[in-house]
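Biologist: Before we go through the labels on this model, I would like each one set against its criterion. Please begin with the rule for ring pairs.

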Amino acid sequence: MISDVIYPKLVEEIVSQFHLDLLSVHGPAHWMRVRKNGLLLAEFTGANTKVIELFSLFHDSCRFDDWSDPDHGPRAADLADYYFHEMKMLNCNEDELNLLKTACESHTYGDYTDDPTIGTCWDADRLDLPRVGIIVDPNRLCTIAARTPKIIADAEARAESWLHRVKWR
């Protein structure tokens, strides 16, 4: 489907356990925009692209609510651990899994990290905030690349385009 990291069977598995509507602001379209944002940023940050791709798929996959669900990140980390250890479906090593779990656990409340992979994951997600009417604050981004006005504008345009297609407003 997309890569050797995010492949059809894995996507089917994650989507099948997703509790919200597939058109949710935290659903698969968001995951794929986070993936796009992260892979673009990784060209500048040197972040681990396997972790970026897996983060995009897992980080919001365990939400029970679109607005207030403070434990969704830790649940996503547990789900990733399950798919790695029990299902043997993640194309990554143990160190990459640990980065993925840390990125998922803290992506909502983490303020700053100097780890380029975790920072790129968080920034990739935050660059998609316009989908819920929040303007991206460059001061809340971890990487210099994500603070670039063009990167922010392009990510905002992707989020706005989705909003218009699903008539969310």
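Modeller: Rings of Phe, Tyr and Trp, the last by its six-membered ring, pair if their centres lie within 6.5 Å. By that rule F58, Y82 and Y83 form one aromatic cluster. Keep in mind that this is a predicted model.

Biologist: How many aromatic pairs does the rule give?

Modeller: The count is three. One of the aromatic pairs is F18 with W31.

Biologist: Why is the pair of F18 and W31 called edge-to-face?

Modeller: The ring centres are 5.2 Å apart, and the limit for a pair is 6.5 Å. The planes stand at 80 degrees; over 60 counts as edge-to-face, so the label applies.

Biologist: What does the pair of F18 and W31 tie together?

Modeller: F18 is in the loop between α1 (8-17) and α2 (28-45), while W31 belongs to helix α2, so the pair links parts 13 residues apart in sequence.

Biologist: What makes F18 and W31 buried or exposed?

Modeller: Buried means under 20% relative accessible area. F18 has 8% and W31 has 1%, so both count as buried.

Biologist: Where does S61 lie, and is it buried or exposed?

Modeller: S61 sits in the loop between α3 and α4. Its relative accessibility is 0%, and therefore S61 is buried. Leaving aside residues up to four places away in sequence, S61 touches I14, Q17, F18, W31 and L79. A polar atom of the S61 side chain also lies 2.8 Å from the backbone oxygen of F58; the cut-off for a polar contact is 3.5 Å.

Biologist: What makes N93 a cap of α5?

Modeller: A side-chain oxygen of N93 lies 3.0 Å from the backbone nitrogen of D95, at the N-terminal end of α5. That distance is within 3.5 Å.

Key:
Residues numbered from 1 in each chain as written. Predicted model: local features only at pLDDT ≥ 70, side-chain atom pairs only at ≥ 80, totals over all residues. Heavy atoms only, no water. Phe/Tyr/Trp six-rings, centres within 6.5 Å; stacked < 30°, edge-to-face > 60°. Helix = DSSP H or I, 4+ residues; strand = E, 2+ residues; numbered from the N terminus. Buried < 20%, exposed > 50% of the residue type's maximum accessible area, 1.4 Å probe, protein only. Polar contact = N/O pair within 3.5 Å; in protein donor to acceptor, adjacent residues only side chain to side chain. Contact = heavy atoms within 4.5 Å.
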